[in-house]
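Q: Hi! I'm new to this one and would like a walk through it. Can we look at it together?

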Amino acid sequence: MTTLHISTNKADLDVPLIHQFISEQSTWAIGMPLAVLERAIEHSLCFGAYLDGRQVGFARVVTDRATFANLVDVFVLPEVRGRGYGKQLVEAVLAHADLQNLRRFTLATGDAHGLYAQYGFTAPSRPATLMERYFPNIYSN
């Protein structure tokens, strides 16, 4: 069995692969321009997941590395799903030294509540205090 390697080295990221998945296959950022993704990667803590040197997964964390983090853009390529790689990726994110003892760690998911619940994520304890500006079709032409 091949071992999954997870790295935060941005130089190892296969940005074209990440862009292709997020802009064409994700449910959250269809049409995202490459320049937007590149800027997001530049300003985030990124995790690449690799099998035999080939990137098969990705996760990005927007954080101040002291009080708050937001987990975004998590994916594992369809051809390698179902092997526990998504769990390993989330575990690596949550174990990262810069993401310990945060007051709040958030994420948004449309279909993976069960996965994230395994790691202590819950519905907001005080949803009435949360607000957002949300533009789901911002990348549509």
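Q: Which helix is His 19 in?
A: His 19 is part of helix 1, which covers residues 15-24. Keep in mind that this is a predicted model.

Q: Is His 19 buried or exposed?
A: His 19 has a relative accessible area of 19%. Buried means under 20%, so His 19 counts as buried.

Q: What does the side chain of His 19 reach at 2.7 Å?
A: At that distance, the His 19 side chain meets the backbone oxygen of Met 32.

Q: And which residues does His 19 touch?
A: Leaving aside residues up to four places away in sequence, His 19 touches Glu 24, Met 32, Pro 33, Leu 34 and Leu 37.

Q: Let's move to helix 2. Which of its residues are buried?
A: In helix 2, residues 34-42, the buried ones are Leu 37, Ala 40 and Ile 41.

Q: Why do you say they line one face of the helix?
A: Looking down the axis of helix 2, the buried residues fall within an arc of 100°, so they line one face.

Q: Which exposed residues are on the face turned away from that buried side?
A: That face of helix 2 carries Ala 35, Arg 39 and Glu 42.

Q: What covers the buried residues of helix 2?
A: The cover includes helix 1, strand 2 (45-51) and strand 3.

Q: How many bridges join strand 3 to strand 4?
A: Six bridges connect strand 3 (residues 54-63) with strand 4 (residues 68-76), and these two run antiparallel.

Q: What stands opposite Phe 58?
A: Phe 75, in strand 4, stands opposite Phe 58.

Q: How about the largest nonpolar core: which residues touch the most other members?
A: Those are Ile 22, Val 61, Leu 99 and Phe 105, out of 36 residues in that core. Helix 1, helix 2, strand 2, strand 3, strand 4 and helix 3 (85-95) are the elements that give two or more residues to this core. Strand 2 gives the most, with six residues.

Q: What does Leu 99 touch?
A: Not counting residues up to four places away in sequence, Leu 99 touches Leu 45, Phe 47, Val 61, Thr 63, Ala 69, Val 93 and Phe 105.

Q: Where does Asp 73 lie, and is Asp 73 buried or exposed?
A: Asp 73 belongs to strand 4. With 7% relative accessibility, Asp 73 counts as buried.

Q: And what about phi of Asn 101?
A: Asn 101 has a positive phi too, near 60°. This residue sits in the loop between helix 3 and strand 5. Asn 101 counts as exposed, at 76% relative accessibility.

Q: Last one: where is Arg 133?
A: Arg 133 is in the segment after helix 4 (113-117). Its relative accessibility is 73%, so Arg 133 counts as exposed. Between Arg 133 and Leu 51 there are 37 Å in space, C-alpha to C-alpha, and the two are 82 residues apart in sequence.

Terms used:
Residues are numbered from 1 along each chain as its sequence is written. This is a predicted model: local features need pLDDT of at least 70, side-chain atom pairs count only at pLDDT 80 or more; totals for chains, interfaces and linings use all residues. Side-chain values use heavy atoms; hydrogens and water are left out. Two strands pair if DSSP finds at least two bridges between them. Helices (H or I, at least four residues) and strands (E, at least two) are DSSP runs, numbered from the N terminus. Buried means under 20% relative accessible area, exposed over 50%, partly exposed in between (1.4 Å probe, protein chains only). A polar contact is a pair of N or O atoms within 3.5 Å; within protein, one must be able to donate a hydrogen and the other to accept it, and residues adjacent in sequence count only if both atoms are side-chain atoms. Contact means heavy atoms within 4.5 Å. The arc is that of the directions from the helix axis to the C-beta atoms. A nonpolar core is a set of buried Ala, Val, Leu, Ile, Met, Phe, Trp, Tyr and Cys residues joined through side-chain atoms within 4.5 Å.
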